Amino acid sequence: SDHMENICGYLMKYTNLVTGWQYRYFVLNNDAGLLEYFVNEQSRHLKPRGTLQLAGAVISPSDEDSHTFTVNAASGEQYKLRATDAKERQHWVSRLQICTQHHTEAIGKNNPPLKSRSFSLASQGSANSPGVQRRPSQNAVSFFHVGHHRLPTGKRVPIVQPDHLVDVREMMSQAEGQQRDLIRSIECLPASGHLTSLDQDLLMLKATSMATMNCLNDCFHILQLQHASQQKGSLPAGTTISWLEPKISLANHFKNGAAQNFPAEINKPASVREEQSIAEPCQLTREPEEINPDEELEDICDDKEDDLGAVEEQRSVILHLLSQLKLGMDLTRVVLPTFILEKRSLLEMYADFMSHPDLFIAITNGSSGEERMIRFVEYYLTSFHEGRKGAIAKKPYNPIIGETFHCSWRMPKNNVATDAGTNSSAHSPSEQGTLPKDPDGQAEPDYYTVKFVAEQVSHHPPVSGFYAECVERNMCVNAHVWTKSKFLGMSIGVTMVGEGVLHLLEHGEEYTFSLPCAYARSILTVPWVELGGKVNINCAKTGYSASINFHTKPFYGGKLHRVTGEVKQNMTNTVVCRVQGEWNSVLEFTYSNGETKYVDLTKLSVTRKRVRPLEKQGPFESRRLWQHVTESLRDGDIDKATEHKRALEERQRNEERLRAETETPWCTKYFLKDGDGWVYHKPLWKTVSAAQTQQMDSN
């Protein structure tokens, strides 16, 4: 209470999508436990435009930037506020939290729980049952029996030593599970009757229990920081901090309580696990790893998303989620239910865009700049069909920062289209002198290898980088994508912000391209995906460009998945090729000489990617990282999948918070920041240039 003070000042308040952010004058009244706001300071003597009771409220600094925070009242009302800088936000947040804690504790002291009454929500009877009927003298606290453990008189509270942190975490995990059960029980109450889920006392109970767990988590985090500083001393500049969260079993969180198949390190003694969790920043280096394609095996995984499954069963959950969203709301930070997830990471989805490596490699075989541009457009338009796993629109996993995905494809050389009168071997890099010959003198394989790597380089905003190369054909592609999703009513829109560049080193050409928007339609019935928007492909050296339009279906009539485009020579503005059709069905290419070519995507052969077995993958590689979520989804155990997903997300949040507090920047593994984009650390154009320089020096 010594630090309680009435503060006032201007903050920005988010009103709605139309009005947006507006400056308002806020006053914190500590005596009354109220947060009030006025249009401006001059109108302070008038009635407040809005008032929030802070007792039982939750004050949450936003992780989207250093200025924003939210005040969530026990009544369900929320203020989203923004200070001018991080220092001012911290001042408001700390004062609001002190005031909230003071008035929440006051309610607990003034309203002690009844001693003799308990009530089980799980075994409630009908509305006419005597156990359910609520007397006027009873409040909601009467229906819950809360036990308090007291220390024997005269005994001091033992100091928690660092090696006890795992035990503390396990006890907190149990408490978190019980708190979630309490929340579920309250939310399962009927919307009307004597005792409802909207009862003011129950809302207060939900808010205070949540605030208590948040407070305990903050305290535990402080203990972790103290332990880390004692173990390591001050952290040197550039140190990468990994997950400090002890890798404990989550069995107590599951409804069935069954033992889970966690990685082998979880079964080690608690003290060993705790030491490893602290030492992990040194062990999990961010040094790039060279993946040997010979260790990769042809992928046998085939998770088609053609079954609605849990989506049909969880219709009410979707309706509840939609009721909480506003039109145009950014969904980047909205935690979506697990049952709508497809069984792969977003990084792997980008890899699946490369499922026609024969068309990709054939681009550089074009005899002219015009033909190479047309071949690139053909490859580009055929990539999206295989990127979708089935007809049902489901969402891939949001990659964890630092997550990576590696794979490769092997394509027989005789399966790659070549230009008339030219064979693939005539373009081998060994004959061009751009790369050194095999020192062992071994015969070249009869296939091309396309290698792929993707990495989640940023969490807020969510940015992925991916890179693919075919060394034998002197070509590579580098791209970065920021996924921005918005709620559009009965659909969800995802904008792919970013750019890709295809490098054809044999020809000294660069092709820049963008990606279309994606939409999940009919999310209440049978969700499906369509693409929309205009994308451009340009090659400055040849002067050719392509403009492609992905058409969304009109409200009445019209075809689904329609796409049109044209390739033209910029200098003369001459159209050399037109394309039309459906991006997931049949495409028609019409050339300037009158010839027409049809591409049936449903009959195109798909080359399976090659992926290392799980036991050879690193802990941050997508399939190993998400393996328990994927296995649970395959088994149809949504609760278990949710728990595993929550554990990953919690560890990411803890790591991010620790980096912020120690002012340690995140270090990427494979991609480097380059202006507004991200570039692979060892791109082929640098390797070839270095090889050419070395060869010239030797001559």
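The structure is a predicted model, in which local features need pLDDT of at least 70 and side-chain atom pairs count only at pLDDT 80 or more, while totals for chains, interfaces and linings use all residues. Residues are numbered from 1 along each chain as its sequence is written, and side-chain values use heavy atoms, with hydrogens and water left out.

The chain contains 14 helices and 26 strands; helices (H or I, at least four residues) and strands (E, at least two) are DSSP runs, numbered from the N terminus. Of its 699 residues, 47% are buried, where buried means under 20% relative accessible area, exposed over 50%, and partly exposed in between (1.4 Å probe, protein chains only). The accessible surface of the chain is about 35800 Å², and carbon and sulfur atoms supply 51% of that area; such areas come from the Shrake-Rupley method with a 1.4 Å probe, and for residues only the protein chains shown count as cover.

The interior comes next. In soluble globular proteins, nonpolar side chains tend to be buried together. A nonpolar core is a set of buried Ala, Val, Leu, Ile, Met, Phe, Trp, Tyr and Cys residues joined through side-chain atoms within 4.5 Å. The largest such core here has 62 residues, and F360, L381, F452 and F550 have the most contacts inside it. Helix α9 (residues 369-387) is the main contributor to this core, with 8 residues. Leaving aside residues up to four places away in sequence, F360 touches M354, Y379, V450, M475, V477 and L502. A second, separate core has 20 residues, including L52, A57, A73 and L81.

A57 sits in the loop between β4 (50-53) and β5 (58-61), and it counts as buried because its relative accessibility is 3%. Beyond residues up to four places away in sequence, A57 touches N72, A73, A74, T100 and A211. Although A57 and T100 are 43 residues apart in sequence, their C-alpha atoms are 6.3 Å apart in space. Helix α3 (residues 200-232) holds F220, which is also buried because its relative accessibility is 3%. F220 lies 48 residues from M172 in sequence, with 9.1 Å between their C-alpha atoms.

On a 1 Å grid over the protein atoms alone, a cavity is a set of points where a 1.4 Å probe fits but cannot get out, and lining residues have an atom within 4 Å of a point. Grid points are joined across faces, edges and corners, and a volume is the space filled by probe spheres set on the points. The largest cavity has a volume of about 170 Å³. It is lined by 13 residues, of which F353, M354, Y379, F466 and F513 are the closest to its centre. Helix α9 provides the largest share of this lining, 5 residues. By class, the lining has 12 nonpolar residues, 1 polar and no charged; Ala, Val, Leu, Ile, Met, Phe, Trp, Tyr, Cys and Pro count as nonpolar, Asp, Glu, Lys and Arg as charged, and the others, Gly among them, as polar.

Helix α12 (residues 627-635) has Q627, H628, V629, T630, S632 and L633 buried. Their cover includes β9 (341-345), β10 (395-397), α11 (622-625) and α13 (638-662). After α12 comes G636, with a positive phi near 75°.

Some details of the backbone complete the picture. The peptide bond from H460 to P461 is cis, with omega near 0°, and P461 lies in the loop between β12 (447-458) and β13 (463-470). N474 is not a glycine, yet its phi is positive, at about 55°. This residue belongs to the loop between β13 and β14 (475-487), and N474 counts as buried because its relative accessibility is 3%. N573, another residue other than glycine, has a positive phi near 60° and is found in the loop between β20 (562-569) and β21 (574-582).

Methods
Contact = heavy atoms within 4.5 Å. 1 Å grid on protein atoms, 1.4 Å probe; cavity = no way out; pocket = protein on both sides within 12 Å on 5 of 7 lines; lining within 4 Å.
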